Amino acid sequence: MTTTSHRLVRGQVLHFLADPGPADDPAAWAFFDDGGLWIADGHIRACGPWASLSAALPPGVREAATLHDYRGHLVLPGLIDCHLHYPQAGVIASYGRQLLDWLNDYVFPAEARFADASEAERTAAFVVRRLLAHGTTTASVFATVHPHSVDAFFAAAEARGLRMLCGKVLMDRNCPPELRDTAAGGVKDSLRLIERWHGRGRLRYSLTPRFAPTSSPEQLRLTGELLASRPGLHLQTHLAENPCELDWVKQLFPERSSYLDVYQHYGLAGPRTLHAHCIHLSAAERRSMADSGAAAAFCPGSNLFLGSGFFDLAASREAGLRVGLATDIGAGTGFGLLRTLAQAYEVSQACRAPLPALRGFYLATLGGAQALYLDDCIGSFQPGREADFIALDWAATPELAWRMERCQGLAERLFALMMLGDERCVVATHVMGEAAFVR
């Protein structure tokens, strides 16, 4: 007979039930100033006010449970990073210029070094540690063209019990020879990795064509067929990041009406497909993506760094498009989604639709889970969800402490945290209830 493991968490608990929108819809979120979580065997059993939650516990549970006392700290679901390149951790803060220069000057040389399996293993371990230190418990991750780069990342994630998505880059043209696979070979490699990792523990596999210019029509066709043949698979790629990129796609696929149409034609835009950037899209394209079930990863930091443009979050959500937040390491210059939220606000200001804090934290939690089609597992404290959560210090820096003394109400405090916060705010990161990082 197995014994259930119980944990109790006490703190200022916030989670989301839906998108609060631009007007902070009160039905979309729940906040308990003295709140609690009851976790049983790594899953949420209950969430609510501490007094009522603790009073309703079955006899013996409170005495047997491990208590995590985070009173005075904000307790949120674990943060979700919808797009990053773990092999690019070593080229963060390299002089950027524009997207295509960035790829040729920094990204491709960095990824070529992953021919050495030890480089992949060292980097994967580093990236997983840094994600946890920043409060990120789930991410959608690009590896390299080398199959062992996927093995390295999944092994590092599995050792920590993390829910992660990752995939081998598919790239059979317009790239250095040492990073080039073939249409058939890429599918064979992906199939072997899928059999090894997809559905193992909390891991899921994402088919990963880098972007349309580096995949031949044959590779895109075979990838779409593989995606259709395995209903539980995910797919991640890039879309409409840079004007020069769009022009290149037109040259390579003159028969298609748009960049998005390339992916739609090959069956690469639908449920469980995630498209990073999505900056230069028309209103009709946003609606078409939304209707198909595809999702966008909002990468404000990298878009600012490379001068790619401004993602229109308000227009995307109004179109019904699923949107999650992303650091896009390594054009993004940090692992922290708190800092990325501040950049998202700045981008939304440029689009004349400022991002409220409640909507921002929704994007970093439940919104990301919905974009990844994982909201039945993570992203909130609804009963049955996996108990990934973080505790944040409202006053981790002198600037935050000074500002918090003058804040009135939850929304104002969250906005100050969003704009001034960073990894120093992360007191602890828990994975399936257990502490995976403690400052």
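Modeller: Let's start with touching: two residues are in contact here when they have heavy atoms within 4.5 Å of each other. This is a predicted model, in which local features need pLDDT of at least 70 and side-chain atom pairs count only at pLDDT 80 or more, while totals for chains, interfaces and linings use all residues. Residues are numbered from 1 along each chain as its sequence is written, and side-chain values use heavy atoms, leaving out hydrogens and water.

Biologist: Which residues does tyrosine 86 touch, not counting those up to four places away in sequence?

Modeller: Its partners are Phe114, Ala120, Thr123, Ala124, Val127, Val141, Phe142, Ala143, Ser149, Ala152 and Phe153.

Biologist: How many residues are in the largest nonpolar core, and which have the most contacts inside it?

Modeller: In soluble globular proteins, nonpolar side chains tend to be buried together. A nonpolar core is a set of buried Ala, Val, Leu, Ile, Met, Phe, Trp, Tyr and Cys residues joined through side-chain atoms within 4.5 Å; buried means under 20% relative accessible area, exposed over 50% and partly exposed in between, with a 1.4 Å probe and protein chains only. The largest core here has 114 residues, and Tyr86, Phe153, Leu239, Phe361, Leu392, Leu414 and Leu417 have the most contacts inside it. A second, separate core has 15 residues, including Ile80 and Leu165.

Biologist: At what angle do the axes of helix α4 and helix α5 cross?

Modeller: Two packed helices are described by the angle between their axes and the distance between the axes. Axes are lines fitted to C-alpha atoms, for helices over the stretch in contact, and angles run from 0 to 180 degrees between N-to-C directions. Helices are DSSP runs of H or I with at least four residues, strands are E runs of at least two, and both are numbered from the N terminus. The axes of α4 (residues 117-133) and α5 (residues 147-159) cross at roughly 35° and come within 8 Å. Among the residues that meet there are Ala120, Ala124 and Val127 in α4, and Ser149, Ala152 and Phe153 in α5.

Biologist: What is the order of the strands in the open sheet?

Modeller: Strands of a sheet pair through backbone hydrogen bonds, either parallel or antiparallel. Pairing requires at least two DSSP bridges between two strands. The seven strands run in the order β3-β2-β1-β4-β14-β15-β16, with mixed pairing. At the edges, β3 (43-49) and β16 (434-438) each pair on one side only. The average twist from one strand to the next is 30°. Strands β1 (residues 6-16) and β4 (residues 66-77) pair in the parallel sense over seven bridges, and valine 13 has valine 75 in β4 as its bridge partner. Helix α14 (residues 357-371) packs on the sheet, touching β1, β2 (29-40) and β4, and its direction makes about 135° with that of β1.

Biologist: Which residues point each way from strand β7?

Modeller: In a regular strand the side chains alternate between the two faces of the sheet. From β7 (residues 164-167), Met164 and Cys166 point one way, Leu165 and Gly167 the other, and all are buried. Strand β6 (residues 136-142) pairs with β7 in the parallel sense over three bridges, where serine 140 has leucine 165 as its bridge partner.

Biologist: Why does histidine 277 count as buried?

Modeller: Histidine 277 counts as buried because its relative accessibility is 0%. This residue of strand β11 (residues 273-277) has a positive phi, near 90°, without being a glycine. Cysteine 278 also isn't a glycine, and its phi is positive at about 55°.

Biologist: Which residues does a cis peptide bond join?

Modeller: Isoleucine 329 and glycine 330, with omega about 5°. Glycine 330 lies in the loop between β13 (322-325) and α13 (337-350).
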